[in-house]
Amino acid sequence: MRACATPAHWPIAASMLQDARDEGLSPNTVSTNCALAACEAGGAWRDALALLDEAAAPDAISFHTAIAACRRAGGRPAARAALRLLRRMRAAHVRPSLIGYTTVMNALSAAGYVRPALLVFRALCADHDPDERAVHTALRACDGAGRRADGLALLAELAESGAAGEKLARRFRPLWDAKAAAAHKAPAAAAAVAGGSGRGRGRTRGGSGRGSAAPPQWRRRSRRSRKGPPPEHEAARGE
């Protein structure tokens, strides 16, 4: 069954587990987790949830693998399913790992659920000491949604959470401030470019400044040259 844990062969693993049940056998946790790993490789999150519901005694690996399947599949329904699995773990007194929390945050952030992702981050901080990956995931969710105030609040909470959190806050605060400064400068720079191009178009249309159209007397001469010599020259030729 482990050999079927590939994107192309995950249905075989799920079918093998169902065949065992049809034969009256009760798959153990290891067999269930192998089938869940196959579903995760294929992003088959609905099948992973069905396998988890049928498992006799799912453990932390079972839940984490199903959460990873939701994350790999992407989309809002899968993200909501990942959040439900996290709540189900906590209700069953199965402690989610640091990676499990971060995987749920990634799924929610990718689906546009920024506020739930930040709530998961706070639950993570209550259960574990956050690492750089978890903090980066939370800040990326804020940055992607333009919620810079939430990012600042998150860093402030992190700085007050203890020595490890304060170290992470010092590490990420300059990067966050640089992003905020760049985002503040971008609209002003775009406005300046737009204003400069508008002034350039005005000079060209008005005929003033360098590079403008030819003076009026030159334009009159050019029109006469296109029409041919003046009438007095034609008369001189006739004589």
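Contact here means that heavy atoms lie within 4.5 Å, and the views below all come from a predicted model.

View 1. Thr137 has its place in helix α8, which covers residues 132–144. Leaving out residues up to four places away in sequence, Thr137 touches Thr102, Met105 and Asn106. With a relative accessible area of 3%, Thr137 counts as buried, because the limit for that word is under 20%.

**View 2. Helix α8 from end to end, and the glycine just after it.** Buried residues in α8 are Ala134, Val135, Thr137, Ala138, Leu139, Ala141 and Cys142. Just after α8 comes Gly146, which takes a positive phi of about 70 degrees.

**View 3. Phe121 and the largest nonpolar core.** In soluble globular proteins, nonpolar side chains tend to be buried together. The largest nonpolar core of this model has 50 residues, and those with the most contacts inside it are Leu85, Val104, Leu108, Val120 and Phe121. Helix α5, made up of residues 76–91, gives the most to this core, with eight residues. Setting aside neighbours within four places in sequence, Phe121 is in contact with Met105, Pro130, Ala134, Val135, Ala138, Leu154 and Leu158; of these partners, Ala134, Val135 and Ala138 are among the buried residues of α8.

**View 4. The largest pocket and the residues that line it.** The largest pocket has a volume of about 180 Å³. Its lining is formed by 14 residues, of which Cys125, Pro130, Glu157, Leu158 and Ser161 are the closest to the centre of the pocket. Three helices, α7 (114–127), α9 (148–159) and α10 (163–206), each supply at least two residues of this lining. By residue class, the lining divides into seven nonpolar, four polar and three charged residues. Pro130 and Leu158, which belong to the group closest to the pocket centre, are also contact partners of Phe121.

**View 5. Glu40 in helix α2.** Glu40 is found in helix α2, which runs over residues 29–42. Not counting residues up to four places away in sequence, Glu40 touches Thr65, Ala68, Ala69 and Arg72. The relative accessible area of Glu40 is 19%, and because buried means under 20%, Glu40 is classed as buried.

Conventions:
Residues numbered from 1 in each chain as written. Predicted model: local features only at pLDDT ≥ 70, side-chain atom pairs only at ≥ 80, totals over all residues. Heavy atoms only, no water. Helix = DSSP H or I, 4+ residues; strand = E, 2+ residues; numbered from the N terminus. Buried < 20%, exposed > 50% of the residue type's maximum accessible area, 1.4 Å probe, protein only. 1 Å grid on protein atoms, 1.4 Å probe; cavity = no way out; pocket = protein on both sides within 12 Å on 5 of 7 lines; lining within 4 Å. Points joined across faces, edges and corners; volume = space filled by probe spheres on them. Nonpolar A, V, L, I, M, F, W, Y, C, P; charged D, E, K, R; others polar. Core = buried A, V, L, I, M, F, W, Y, C linked by side-chain atoms within 4.5 Å.
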